[in-house]
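Colleague: I have a new model open on my screen. Can you walk me through how to read it?

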Amino acid sequence: MPTTLTGKLDCQETARHYLELVRSNVKKLGFSPGLGVILGSHDPGSVTYQRWLMKDCEDLGINAADLRVENGMQMVKLIARLNQDEKTHGVFIFYPLRYPEIKDDEVMDLVDPGKDIEGLHAINIGFLTKYRKRLDDGSQHRCMTPCTARAIVKTLKRGFGENWMAGKTVLVINDSLRIGRPLTAMVANLKGTPILCHAATNQTHLEGFIRMADVIVSAVPAPGYSINTDWIKEGALCFDLSGDGNFDYEALERRGIPYTDTTKNSVGKVTRAMALLNLTYAAGVE
């Protein structure tokens, strides 16, 4: 059955669709896939996200282990154990960790690429850059794709169609390994034009980039940061991935500009669906 396009940025509908796909995949597997959920900090956003992910797993029949560590050495040992555990099909770690003894990107590369349901291992990022969807190790297993970036792309496709991205200019204000960098690779793979901005971007240039963008994705963690609504062109789409809100929602409403927010229409639920979908692939669904 062909997808009925919503013409909206509807994270709730997109998440429902993919969570049902996860549920179907779990039934195909015939067993409860195992997921190691590692919370390695007291970051409020991570704590909240972890609680919701554990609830999703319970609802979908996924065997999720709630694992806590306090430092880099504990994290290294735990990942090594999960990599060797045959009953653990996937590993999910909440970033940022901010450990003084080991960097986040180093932690990402400790996870077995086949269990890396966040798609952040250098091997999986490499496959993304090459736009390769299947592993070349003879298994034909799906490559793991970064969850948040993929959630944005899936939300756009559910609303506007598989080929909507082609020819569009997509501005991403975030250069992290979890959001900005993989998302710009996805945009390029889909024949869109990505623009990546960060803290060192010339602010005069940033205004120009915002004015030309068809899609604006902002994930700036600084409290009080806000994009000037007057700079956003008619027909643009806005994704807010920040904790505190990077857009003036009331101003966007007045101008009729579609957007995702940090609560009711949050990309977070779609991101969790993408992670659990990756888990079913890691567990054996083709």
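Predicted model: local features only at pLDDT ≥ 70, side-chain atom pairs only at ≥ 80, totals over all residues.

Colleague: What does UniProt list for residues 9-118?

Modeller: An unreviewed UniProt entry annotates them as "domain: Tetrahydrofolate dehydrogenase/cyclohydrolase catalytic". Such annotations may be inferred rather than shown by experiment. The unreviewed entry also lists "domain: Tetrahydrofolate dehydrogenase/cyclohydrolase NAD(P)-binding" for residues 146-282.

Colleague: Now strands. Which strand pairs with β1, and in what sense?

Modeller: Strand β1, residues 34-39, pairs with β3 in the parallel sense, over four bridges. Take V37 as an example: its bridge partner in β3 is F92. Then check the faces of β3, residues 90-93. G90 and F92 are buried on one side, V91 and I93 on the other, and both faces are covered.

Colleague: Next, backbone angles. What is the general rule?

Modeller: Most residues other than glycine have a negative phi, and most peptide bonds are trans. Look for the exceptions.

Colleague: Which residues does the cis peptide bond join?

Modeller: Y95 and P96, with omega at about 0°. P96 sits in the loop between β3 and α4. R98 is in the loop between β3 and α4 too. R98 is not a glycine, yet its phi is positive, about 60°.

Colleague: Is R98 buried or exposed, and why?

Modeller: R98 counts as exposed because its relative accessible area is 64%, and the cut-off for exposed is over 50%. K191 is another case of positive phi in a residue other than glycine, near 70°. K191 lies in the loop between α7 and β5. With 62% relative accessibility, K191 also counts as exposed.

Colleague: Why does H121 count as buried?

Modeller: Its relative accessibility is 10%, so H121 falls in the buried class, which means under 20%. H121 lies in the loop between α4 and α5. Now read its contacts, leaving aside neighbours within four places in sequence. H121 touches M108, D109, V111, P113 and D116.

Colleague: And where is C143?

Modeller: In the loop between α5 and α6. C143 is buried, at 8% relative accessible area. Compare sequence and space here: C143 and I117 are 26 residues apart along the chain, and their C-alpha atoms are separated by 9.3 Å.

Colleague: How do I find empty space?

Modeller: Rolling a probe the size of a water molecule over the atoms shows where empty space is left. Start with the second largest pocket, of about 540 Å³. Its lining has 24 residues, and Y131, K133, T145, R150 and K154 lie nearest its centre. Elements that give two or more residues to this lining are α1, α5, α6, α7 and α10.

Colleague: Which element gives the most to that lining?

Modeller: α6, with four residues. By class, the lining of this pocket divides into twelve nonpolar, four polar and eight charged residues.

Colleague: How many cavities of 30 Å³ or more does the structure hold?

Modeller: One. The largest cavity has a volume of about 30 Å³. V153, L156, K157, G161, E162, W164, M165 and L190 line it. Five of the lining residues are nonpolar, one is polar and two are charged.

Methods: Residues numbered from 1 in each chain as written. Heavy atoms only, no water. 1 Å grid on protein atoms, 1.4 Å probe; cavity = no way out; pocket = protein on both sides within 12 Å on 5 of 7 lines; lining within 4 Å. Points joined across faces, edges and corners; volume = space filled by probe spheres on them. Nonpolar A, V, L, I, M, F, W, Y, C, P; charged D, E, K, R; others polar. Buried < 20%, exposed > 50% of the residue type's maximum accessible area, 1.4 Å probe, protein only. Pairing = 2+ DSSP bridges. Contact = heavy atoms within 4.5 Å.
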